[in-house]
Amino acid sequence: MHVDPNNSFGTARDEIQNGGLSRAESAINNSQKLQDEIQALGFKIKQHEDNIKYLKTQKHNLDGSVLDLQVILGKYCSSSIPTVENEAHSNSRSENETVEQILKHEKSAAAILCQLKIRHGSQASHLMLTKDVLGIVATLGKVDDENLSRLFSEYLGLETMMAIVCKTYEGVKTLETYDVEGGINHHSGIQGLGSSIGRHLDGRFRIICIEHLRPYAGAFVADDPQRRLDLLKPRLPNGEHPPGFLGFAVNMINVDCANLLYITSTGCGLRETLFYNLFSRLQVYGTRAEMLGALPCITDGALSLDGGMIKTAGVFSLGNREDVEVRFPKSSGSNLAVEYFETEKKLAEMNWKREKIEEDIEREQSLLNHVNYTFRIKKQAFIKYLADSSPYGNQQQIPGERERGTPK
């Protein structure tokens, strides 16, 4: 069999050229892929930067609106100084009495938090341990008279009245930490705080996490600054309302304007979350006889002003009244105009929106940092790839040059 040497040389040369071209194409493809990835990351960086810029502009605008509303409130208060001062003094006295009763329970979590607030004042709400804490149940609502305060406090019981209320579960986790074996770490959280002020926490304590409560899902009373729940009034089997029915306990709690809205991420306030879960549809009657006469339409318990108590449907609390010293403060009523409450409501809404924007900015910044890091890694990989590919490309050129110089 005759083999043409020129043909063999041509075949070998074609294979070398094809192999070289295949490697070159692969190198180009890999290079292009890296360039595309880097370009895509560059677009993402630009997008996150634009988002942050937009959010900061929104926050700046909200800062201005918040300042304007604060000025409006300041002007209103300055024009109503005697009324506002008298109400503030009366409310402060009642609230101080509640705090004093809490402090008598020296080794309780509630007392330790009250001590912290007394020592640090307004700065206490900015501390890592307490920045998510809204307060103690007994300090988060007010009632119109002393008798209602005693009734509600007895119904809820001391442990619930002294429960700590947190916005989120992150706040709950901050209040108590554990070691690797699952035991309580007494050097951190509220135990550590108690030890630092000479008050060692004794026994269990109750925490209520607002974000884990199921809020009331119905309507609210129209044009009510207190945002009372529009609950259906009870009816007897004959269709009539029971005599002596005064209302629902959840609507007899007066909530500070700052806590009426925007406590949760969905904008809910304390009435439809905390107090609805504590009282549900607990009914209030004038007398025990009237309460017992309404048994057919009592579903979630009832109280009477003369001391009658039905804890839940079918569960009666008999005997002498128990005097729970930690009670809701008594509100002095309010002569402030509806416009004032509307302005406070708007201010609470603005502050809530600002907090959400700040959270969005933090999230966008975190994403931007991650994309920037990935961009740097890809860029370094691309530069290294180009450096590694250059010598190989030069070597591939040498056979081609020789072939062009070989006489045929």
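**A helix and its surroundings**

A: Helix α4 is followed by glycine 157, whose phi is positive, near 90 degrees. Helices (DSSP runs of H or I, at least four residues) and strands (runs of E, at least two) are numbered from the N terminus. The model is predicted, so local features need pLDDT of at least 70 and side-chain atom pairs pLDDT 80 or more, while totals for chains, interfaces and linings use all residues. Residues are numbered from 1 along each chain as its sequence is written, and side-chain values use heavy atoms, without hydrogens and water.

At the other end, the start of α4, a side-chain oxygen of aspartate 145 comes within 3.0 Å of the backbone nitrogen of asparagine 147. Between these ends, α4 (residues 146–156) is largely enclosed by the rest of the structure, because eight of its 11 residues are buried; buried means under 20% relative accessible area, exposed over 50%, and partly exposed in between, with a 1.4 Å probe and protein chains only. The buried residues of α4 are Leu148, Ser149, Leu151, Phe152, Ser153, Glu154, Tyr155 and Leu156.

Six of the eight residues of α7 are buried, and the helix is mostly covered. Those six are Gly189, Ile190, Gln191, Gly192, Leu193 and Gly194, and they pack against α3, β2 (164–166) and α6 (169–175). Glycine 198, with a positive phi near 75 degrees, follows α7.

The meeting of α7 with α3 deserves attention. The axes of α3 (residues 109–120) and α7 (residues 189–196) come within 10 Å and cross at roughly 65 degrees. Ala109, Ile112, Leu113 and Leu116 of α3 make the contact with Ile190, Leu193 and Gly194 of α7, contact meaning heavy atoms within 4.5 Å. These residues divide into six nonpolar, one polar and no charged.

Asparagine 251 lies in the loop between β4 (245–248) and α8 (271–279). Asparagine 251 counts as buried because its relative accessible area is 14%. Its side chain reaches the backbone nitrogen of leucine 229 at 2.8 Å. Leaving aside residues up to four places away in sequence, asparagine 251 touches Arg228, Leu229, Leu231 and Arg271.

The cysteines complete the local picture. The structure holds zero disulfides, a disulfide being a pair of cysteine sulfur atoms within 2.5 Å. The cysteine sulfur closest to that of cysteine 209 belongs to cysteine 166, and at 6.9 Å it is too far for a bond. Cysteine 209 is buried, because its relative accessibility is 11%, and cysteine 297 is likewise buried, at 9%.

Finally, the whole chain gives these parts their setting. The secondary structure of the protein chain comes to 10 helices and eight strands. Of its 408 residues, 37% count as buried. Among contacts in the chain with a separation of 6 or more, 69% come from residues 24 or more positions apart.

Technical notes: A polar contact is a pair of N or O atoms within 3.5 Å; within protein, one must be able to donate a hydrogen and the other to accept it, and residues adjacent in sequence count only if both atoms are side-chain atoms. Axes are lines fitted to C-alpha atoms, for helices over the stretch in contact, and angles run from 0 to 180 degrees between N-to-C directions. Ala, Val, Leu, Ile, Met, Phe, Trp, Tyr, Cys and Pro count as nonpolar, Asp, Glu, Lys and Arg as charged, and the others, Gly among them, as polar.
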